[in-house]
Amino acid sequence: MRQGLKTMREKTLLVQSGRPAGGIPHSVNPPVVRASTVLFPTVEAMQETRRRRETGEQVFSYGVRGTPTTHALEDAVTALEQGERTLIYPSGLAALSAVLLSHARPGDHIAVIDTVYPPVRQLCSSYLVPRGVEVSYFAPSPEGLKAVLRPQTSLILAETPGSGSFEVVDIPALAAIAQKNGSRLAVDNTWAAGFFLKPLTQGADISIQAATKYICGHSDTMLGTVTVRGDAFTPLFETTTMLGLCASPTDCYDALKGLRTLEVRLRRHEQSALQVAGWLAQRADVSEVYHPALEDSPGHSIWRRDFTGSSGLFAFALSPQLVEHSAAFVNALAHFGIGASWGGFESLALPVKPGPIRAAAPWAGPDTIIRLHIGLEDTQDLIEDLDQAFSRIGALA
Ligand SMILES: *Cc1c(COP(=O)(O)O)cnc(C)c1O
């Protein structure tokens with residue numbers, strides 16, 4: 001980046017960050033540098049690089065520690081999340097695992113939000129608990145956290161809104177509780193894509209993303225990011241190094257490309273999702289729309305205070321007499337794919353059962369809700385598609 005203006009607004013930052021330095025002619029994005037071996041001119045130069053590397057410095061020393069492409073993505077995500085350092089992982093789940101493994105030692109207690117990305121429960125029950133870490137799940141509220149907090153709680157893991165049922169949690173309040181207790185607060189920031197929410201400026205220590213979703217944005221790449229501030233970096237860096245976790249530089253390149261258009265894609269996902277959610281909300285055959293940007297949704301006031309927008313993922317429930325036809329409704333859709341994940345350019349629909357996975361507070365809503373990811377198609381086509389699916393299941397009732 002050429003020297004000049006010191007401050008940038010966010011859209012400019014997404015375009016400028018992690019770009020090659022000026023001077024000699026260069027490509028717009030950093031090149032894909034693929035490496036296991038990195039060559040040095042002398043033994044001393046190699047030793048010096050390794051010494052700097054052990055202090056946590058971002059240096060090109062060996063493929064597993066990242067190449068200049070990885071480092072460019074790290075810098076760009078650090079700028080997006082307004083943190084101090086970022087590390088890149090081969091998936092969002094690997095990013096979550098690295099955070100848990102680096103901040104939970106035998107004898108520690110961790111508190112995990114009840115709306116957490118479900119595979120995290122498996123990591124807790126099958127790996128952490130047998131190794132002497134105690135795990136509690138908390139209802140998504142400050143009171144829920146207080147009810148399980150202990151003096152030895154090392155880590156609190158939250159997600160907001162929950163990516164299955166969309167409860168918004170008060171991050172500044174959780175951060176205040178964490179700080180008072182000497183615990184670190186980590187937030188899964190995937191729904192907001194690091195763009196609509198900045199947990200690290202609201203008191204969290206760690207912000208995690210499945211970059212697989214909106215940052216990569218094309219449903220063809222797996223990647224995770226962890227951005228930290230303060231002393232949360234050292235344990236994360238040590239664990240990541242120890243486990244040999246690294247992501248493909250080719251995938252990092254794709255993520256950097258995705259970042260350049262993140263804002264325009266997110267704004268379109270946002271507008272289209274709001275349009276579809278509004279259309280659903282006024283239907284008699286819909287009992288509930290779970291979207292924090294809707295004014296009468298439970299977490300709306302916190303969402304309005306802490307977020308700058310909303311993404312394309314939300315859910316709704318069919319009316320009680322139709323809810324048993326939720327799967328048939330999804331099967332009847334033509335423009336919505338049926339599949340895991342989200343955040344790509346295409347629309348998806350999936351029946352979700354929030355009840356069975358809740359541990360802290362029972363799920364009070366209907367047995368099945370339908371999660372939608374609103375893609376970049378024409379919204380009118382999506383609404384017409386939903387409309388014909390309502391007609392089809394209406395005939396079943
Ligand atoms: C998808 C997802 C993950 C996991 O990401 P992968 O890249 O699929 O491993 C983690 N958290 C949330 C909220 C997600 O939606």
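In which helix do Phe-233 and Phe-237 both lie, and how many residues apart are they?

A: Phe-233 and Phe-237 both belong to helix 8, which covers residues 233-243. They are four residues apart, about one turn of the helix. A helix here is a DSSP run of H or I with at least four residues, numbered from the N terminus.

The model is a predicted one, in which local features need pLDDT of at least 70, side-chain atom pairs count only at pLDDT 80 or more, and totals for chains, interfaces and linings use all residues. Residues are numbered from 1 along each chain as its sequence is written, and side-chain values use heavy atoms, with hydrogens and water left out.

A pair of aromatic rings is described by the distance of the centres and the angle of the planes. Rings of Phe, Tyr and Trp (its six-membered ring) pair if their centres lie within 6.5 Å; planes under 30 degrees apart count as stacked, over 60 as edge-to-face and the rest as tilted. Across the whole structure, a search finds nine aromatic pairs. One of them joins Phe-233 and Phe-237, whose rings are stacked, with 5.4 Å from centre to centre and 25° between the planes.

Phe-233 has a relative accessibility of 11% and therefore counts as buried (under 20% relative accessible area, with exposed over 50% and partly exposed in between, for a 1.4 Å probe and protein chains only). Phe-237, at 13%, likewise counts as buried.

Trp-279, Phe-316, Phe-329 and Phe-390 form one aromatic cluster. Two tyrosine rings each have an arginine over them: Arg-121 lies over the face of Tyr-137, at 4.4 Å from the ring centre, and the charged end of Arg-131 sits over the ring of Tyr-127, 3.8 Å from its centre. For such an arrangement, NZ of Lys or CZ of Arg must be within 6 Å of the ring centre and within 35 degrees of the ring normal.

Leaving aside residues up to four places away in sequence, Thr-379 touches Ser-272, Gln-275 and Val-276, where contact means heavy atoms within 4.5 Å. From C-alpha to C-alpha, Thr-379 and Tyr-89 are 34 Å apart in space, and 290 residues separate them in sequence.

Methods: Helix = DSSP H or I, 4+ residues; strand = E, 2+ residues; numbered from the N terminus.
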